[in-house]
Amino acid sequence: MFFSKNHLKKQPLLNWLIPLLLGIVTSTGVFAQSDKTLQTPVQAVRPVVVDAIAAVVNNDVITIGELNERIQQIESRLKNQNITLPPREVLQKQVLEHMIVESAQIQLAKEMGLRIDDTQLDRTIARIAESKHVTLQQFQQQMEQNGIPFEKYRENVRNDITMQRLRDREVVNKIQINDAEVDHLLGADSQMQMPEQIRLGHILVRIPENASPEQIAEKRERAEKVLKILQSGGDFQQNAASYSDADEGLSGGDIGWRSTDRLPKTFVDALSGLKQGDITGIIKSPNGFHILKILDKRSMSAGTDQKPSVADSHVVQQIHARHILIKVNQLVSADEARRKLIDLRQRIQNNSATFEELAKTYSNDTSASRGGDLGWIYPGDTVPEFEKALVSLQPGEISNPVETQFGFHLIQVLEKKTDDMSLERKRIAAKQALRERKIAEATEEWLRQLRDRAYVEYRLNDNRQEM
């Protein structure tokens with residue numbers, strides 16, 4: 001008799017049977033014979049191991065097969081990033097922990113009624129296929145040739161969208177910024193230098209919710225061990241993949257570019273005076289112990305040493321623009337993205353399609369629904385590469401493909417005007433900076449609570465430890 005994974009979820013009393021039921025398949029008979037006369041001695045059929053359970057998470061299970069499949073994906077990604085792979089047993093533990101957190105999120109989303117229907121999913125996958133200049137059928141064939149079952153790929157995309165929607169509902173939409181916080185930031189920043197942009201590596205050793213002093217000491221010891229390895233010349237990316245509990249850990253810990261006015265103050269203080277390649281000491285936060293590395297840094301604005309104070313007022317140029325963004329990822333190379341935008345630019349210039357139409361169809365940005373319209377842009381609102389292209393364009397002019405950290409852009413300037421950098425504008429910018437700070441911190445705290453409140457039973461190597 002065979003039991004499906006879903007059946008087991010509904011039968012908690014059968015938990016003790018799960019390894020046996022999932023792990024062994026026997027024949028319909030005990031003996032086999034070579035012919036009708038039984039001239040050859042009979043032999044017992046050996047059990048065949050099919051799958052087993054790596055961990056039980058609330059009402060769901062993570063199988064060994066699922067774990068191994070994810071490990072292979074992570075190993076492939078790390079190799080593509082030229083990151084030295086951690087030892088297999090270390091990577092296995094890290095991947096399983098990330099899968100546990102994902103499982104807890106997906107289950108919570110289901111309980112809350114969050115569901116990505118097939119229409120939404122099909123639309124998303126169709127856009128991915130279109131960005132690769134292939135039909136949906138061709139895209140499916142490519143996935144199968146790469147050893148990825150298309151239905152599995154669809155469910156992975158569905159889960160990614162679901163988790164993002166869940167985080168929006170549970171974290172992002174609940175962030176509130178009051179006037180007192182804005183006033184405090186503007187007052188504190190009035191004497192600060194112009195913020196930099198820093199590309200950061202991040203390792204987090206998370207502290208459990210309501211941790212005992214012994215648990216906190218154990219986690220600090222783990223963080224100190226990692227820091228000592230790094231200070232002795234250990235590879236940051238490999239150690240992030242080996243030890244970090246943060247989302248980006250399995251990608252080498254790279255969290256991308258961050259403006260210093262968007263980072264937690266504890267991070268900014270720890271980074272002060274450090275140069276590219278430097279590593280901080282251990283930074284304590286309510287969520288755990290952090291180690292940061294400056295991978296790269298750049299100025300947000302040339303020729304400006306001081307950030308304007310609240311009372312200051314000066315004339316700045318505003319630019320009304322729109323863009324089409326093609327992101328670069330494992331499915332779309334930089335050359336493909338550039339070629340696609342060159343083709344779209346030619347179609348606009350030939351009047352075979354409008355910029356707005358193509359943005360709605362092809363752009364990977366949230367502005368796609370508005371035809372790529374970004375509204376009025378102030379200096380410093382966009383990354384330097386994008387801003388440089390904006391300033392160089394005249395109204396009505398369309399750029400060649402512009403590369404930024406987000407991908408490749410086709411930019412059109414609609415209007416230009418000068419305006420006063422008003423107090424209200426500064427307050428809006430300060431509020432956005434505070435919001436980004438709070439979202440990052442609140443997301444980490446929410447994930448920690450979700451993980452700690454989940455029932456987890458490990459089954460790897462017959463280790464039935466409950467946590």
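Two strands pair if DSSP finds at least two bridges between them; strands (E, at least two residues) and helices (H or I, at least four) are DSSP runs, numbered from the N terminus. The model is predicted, so local features need pLDDT of at least 70 and side-chain atom pairs count only at pLDDT 80 or more, while totals for chains, interfaces and linings use all residues. Residues are numbered from 1 along each chain as its sequence is written, and side-chain values use heavy atoms, without hydrogens and water.

An open sheet is formed by three strands in the order β6-β5-β15, with antiparallel pairing. At its edges stand β6 (60-63) and β15 (456-458), each with a single partner strand, so one side of each has no neighbour in the sheet. From one strand to the next the twist averages 20 degrees. Strand β5 (residues 53-57) is joined to β6 by four bridges, and valine 56 has valine 61 as its bridge partner in β6.

Helix α4 lies across β5, β6 and β15, at about 40 degrees to β5. Axes are lines fitted to C-alpha atoms, for helices over the stretch in contact, and angles run from 0 to 180 degrees between N-to-C directions. Serine 103 belongs to α4 (residues 88-111). This serine 103 is buried, at a relative accessible area of 11% (buried means under 20%, with a 1.4 Å probe and protein chains only). Beyond its neighbours within four places in sequence, serine 103 contacts Val57 and Asp60, contact meaning heavy atoms within 4.5 Å.

Confidence is given by pLDDT, the predictor's confidence in each residue, from 0 to 100. The protein averages 81.

Note on methods. Buried means under 20% relative accessible area, exposed over 50%, partly exposed in between (1.4 Å probe, protein chains only).
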